[in-house]
Structures are given as C-alpha cells and as structure tokens.
Amino acid sequence: MPEEPKEAGEKVSRGNFMKMTIAGIGGLIGLAYTIPSIAYVLGPALQKATSEWIPLGSVGKVETGVPTLFKTTIQTQTGWISNEEEFSAYVLTEDGQTYIVMSNVCTHLGCRVRWIEEKGNFYCPCHNGVFSKNGAVVSGPPPRPLDRYESKVENDILYVKRG
Amino acid sequence: MLRDIGNWMDERFGWRGVWDTIFKRKIPHVNWFYTLGSATLFVAVNQAITGILLTLYYVPTPDHAYDSVVYITTQLPAGWLIRGLHHWGASAMVILTVAHLLRVFFYGAYKYPREVTWMTGMVLLLVVIGFGFTGYLLPWDQKAYWATTVGTRIAGVAPFVGSWVLSIARGGQELSAVTLARFFGTHVWVLPTLFLLSVSLHLFLVIRIGISAVPEKGE
C-alpha cells in the first residue's frame with residue numbers, strides 16, 4: 001500500500017495517526033477485558049484453604065498402643081454450597097500423653113485405609129497398600145507414610161488442625 | 001517477521017484482499033449516527049464474552065441459580081464487573097439496536113437495494129428482545145420470577161393460540177424448573193446461533209452493498 005502523503009510539518013500522516021489511535025484504544029479495551037477475565041476464571045483455584053482447629057472428641061476414647069478411628073461432622077463451604085461432611089482420622093498414643101493424628105486417606109490414590117487389629121496394620125482396599133501402626137509404608141504402592149495432622153489437647157478434648 | 005508471516009499467508013489465501021474489502025471499503029461522507037450499528041456490534045461482542053464467562057459459574061436450576069449468581073457477584077474476583085457488564089450491556093443492546101433502526105428508518109436506508117439487510121435487521125431485533133426476555137429470568141430472584149410470570153401471561157392473552165404459547169414458554173402451566181432450564185437453553189444456545197447466522201448475513205450485506213449516503217433535501 002502506498003504511503004499517504006504527509007502535509008508540511010507533519011511527523012505522522014493522518015492515516016498512521018488513526019491506525020495508532022485505534023491500536024492503542026483497542027489494546028486498552030482488550031486489557032480491560034482480559035485482566036478481569038483471568039482473575040475471574042482463576043479466582044476459586046487461587047483461594048487459600050482456611051485452616052481451623054476442629055474438635056475430634058475426648059482423648060479418653062483412645063486406647064494406648066492401638067490406632068483409634070475418630071469421626072466427626074464438619075461444615076464445609078464449596079462455591080455457593082454449604083455442606084456437612086464427615087471427617088475421620090486415626091489417633092494413636094503410646095504413652096497416653098502424646099497423640100499422633102493420622103489421615104485415613106491412602107497416600108497412593110486417595111482411598112480410605114482401615115486398621116485391621118488382628119494383623120496390626122492399616123490396609124488400603126484399592127491397591128493393597130499396607131501401613132504400619134504409626135503410618136509408615138510396609139508394602140504396596142504408597143509413595144509416603146500416612147499424612148499427619150497437627151493436634152492439641154485442651155480440657156481432655158483432642159483437636160486437629162485441618163487445611 | 002510479522003510481515004513475512006503475513007506475506008506467506010497472503011500468497012496462499014489472499015487474506016489482504018479480504019481485509020481491505022472489510023476495513024478499507026469506500027464509504028460516503030456520513031455522520032456520527034452511522035456508528036450506531038458498530039456500537040451495537042461492540043456491545044454484542046461484550047455480551048458474548050461476559051455471557052460465556054458467566055456460564056462458567058452460573059447453574060440454571062431453582063435451588064442453585066440465585067445462590068450461584070450471588071456467588072459470582074460477591075465472592076469471585078471481578079465477578080461483579082463481569083455480571084455488571086452483562087447486565088448493563090443487555091440494556092445498552094436494546095437501546096442501541098433501536099437507535100440504529102431509527103437511523104436506518106429516518107434516512108431511508110432500508111430502501112432498494114438494501115431490503116434484505118433490513119429484513120435480517122428485523123430478525124436481529126427480535127433475537128435481541130428474545131435475549132432480553134430469557135435473560136431476565138436467569139437470576140431467579142423475585143423480580144425475575146414475577147417479570148416472567150407477567151411476561152408469559154401477556155403472551156397467554158393472545159387470541160386462540162394464547163394458552164398454547166403460554167404453556168410452551170413455561171414448559172407447563174406453572175413457572176418452574178422446566179421454565180428456567182428452557183429459558184437458559186434458549187438464552188445460551190438457540191438465540192446465539194440465530195444471532196450469529198443473522199448478524200453474519202447482515203454484515204455481509206452491509207459490506208457487499210455498501211452503506212447509503214445521508215439523503216439530500218427532497219430525495
């Protein structure tokens with residue numbers, strides 16, 4: 001395309017000025033849509049999980065040397081839906097003073113493990129993952145020991161930190 | 001670099017000819033009223049972008065519709081902006097469409113050889129009103145519910161076919177989950193399809209025929 005003639009004293013031709021203006025304003029409008037859109041789409045994914053102490057139950061329930069399953073109901077909020085969800089964890093104490101709270105979620109692919117008293121191990125029904133009493137991997141595919149929760153005891157109630 | 005890619009593609013499918021036909025076509029000396037069509041198109045693109053974004057979170061069922069809209073507006077980053085743009089854009093769409101129509105009407109631009117452009121414009125007007133009517137129900141709040149109750153009842157008083165039209169619009173006798181679902185489906189699938197087809201033809205004709213000049217006195 002032939003360049004448009006410039007009038008005397010003009011640094012930019014009228015045509016090029018128009019092009020630059022359109023590109024500039026168009027770019028601004030584009031950004032005004034793109035940036036909020038990205039924030040809007042990514043928003044829920046970037047939300048930090050809130051951590052909270054949840055009461056599991058009385059420590060008196062824990063037998064010394066045997067993992068004990070605690071179950072409790074917790075309130076969850078996902079998107080616009082509030083739900084009651086069951087939360088469960090295994091609690092182990094060897095001395096009646098210090099408590100280990102272990103997740104019952106297999107570290108392989110997320111099935112629930114179960115304590116089998118006669119065998120003295122945790123078993124995962126999905127792919128035969130086996131964990132020892134304190135959560136260490138005995139055999140099977142799990143890549144790491146059972147996850148542990150931070151815990152505390154207040155007035156004989158055991159609390160775990162979730163999230 | 002960019003120029004090379006441009007040349008490479010131009011040599012293969014001649015896109016520069018298409019570009020020039022669309023953006024470098026000759027137009028008569030016109031005034032600002034002639035930008036109303038482009039303004040309508042701009043808002044239509046806004047409605048499409050923000051509408052697609054809203055469907056990422058909106059759920060068209062009675063037990064979730066309102067809550068998901070509140071979630072969009074109050075919990076999501078820029079959710080208020082996306083919904084606001086769609087909400088106000090909807091009103092702007094109707095106003096601009098009618099303003100564009102009035103410009104074409106009073107300048108006599110609908111006459112030979114542009115009758116078909118006018119007819120596709122009429123289809124587009126109905127589609128825009130359809131968008132407005134179906135979209136109004138989707139937040140599923142009191143205003144939406146009663147406005148649609150009244151709106152469908154108005155259709156119901158048409159002679160002979162009224163009660164048919166009413167039950168087809170509502171998907172039954174009452175306003176219900178069925179109504180919400182079909183309004184949503186119409187709003188996001190049926191009308192956008194019709195809109196895309198009509199607007200393509202409309203714009204093709206505008207470019208193909210060229211736009212009319214401002215009529216002279218006595219014309």
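Reply: Strands (E, at least two residues) and helices (H or I, at least four) are DSSP runs, numbered from the N terminus. This is a predicted model, where local features need pLDDT of at least 70 and side-chain atom pairs count only at pLDDT 80 or more, while totals for chains, interfaces and linings use all residues. Residues are numbered from 1 along each chain as its sequence is written, and chains are lettered from A and ligands numbered from 1 in the order in which they are written.

Me: In which sense do E4(A) and strand E9 of chain A pair?

Reply: E9 covers residues 148-149 of chain A, and two bridges link this strand to E4(A). In E9(A), Val101(A) has Tyr149(A) as its bridge partner. The sense of the E4(A)-E9(A) pairing is antiparallel.

Me: And which residue in E4(A) is the bridge partner of Ala89(A)?

Reply: Strand E3 (residues 81-92) of chain A pairs with strand E4 (residues 100-103) of chain A in the antiparallel sense, over four bridges. Within E4(A), the partner of Ala89(A) is Ser103(A).

Me: Which residue in E11(A) does Lys152(A) stand opposite?

Reply: E10(A) and strand E11 (residues 157-162) of chain A are joined by four bridges in the antiparallel sense. Across that pairing, Lys152(A) faces Tyr159(A).

Me: How far apart are the C-alpha centres of the two domains, domain 1 and domain 2 of chain A?

Reply: Going by the assignment (its bounds come from an automatic or database domain assignment), domain 1 is 1-47 and domain 2 is 52-162 in chain A. The distance between their C-alpha centres is 56 Å.

Me: Over in chain B, why is H6(B) called oblique to H7(B)?

Reply: Helix H6 (residues 115-137) and helix H7 (residues 142-156) of chain B pack at about 135°, with axes 7 Å apart. Axes are lines fitted to C-alpha atoms, for helices over the stretch in contact, and angles run from 0 to 180 degrees between N-to-C directions. Under 35 degrees counts as roughly parallel, over 145 as roughly antiparallel, 65 to 115 as roughly perpendicular and the rest as oblique. The angle therefore makes H6(B) and H7(B) oblique.

Key:
Two strands pair if DSSP finds at least two bridges between them.
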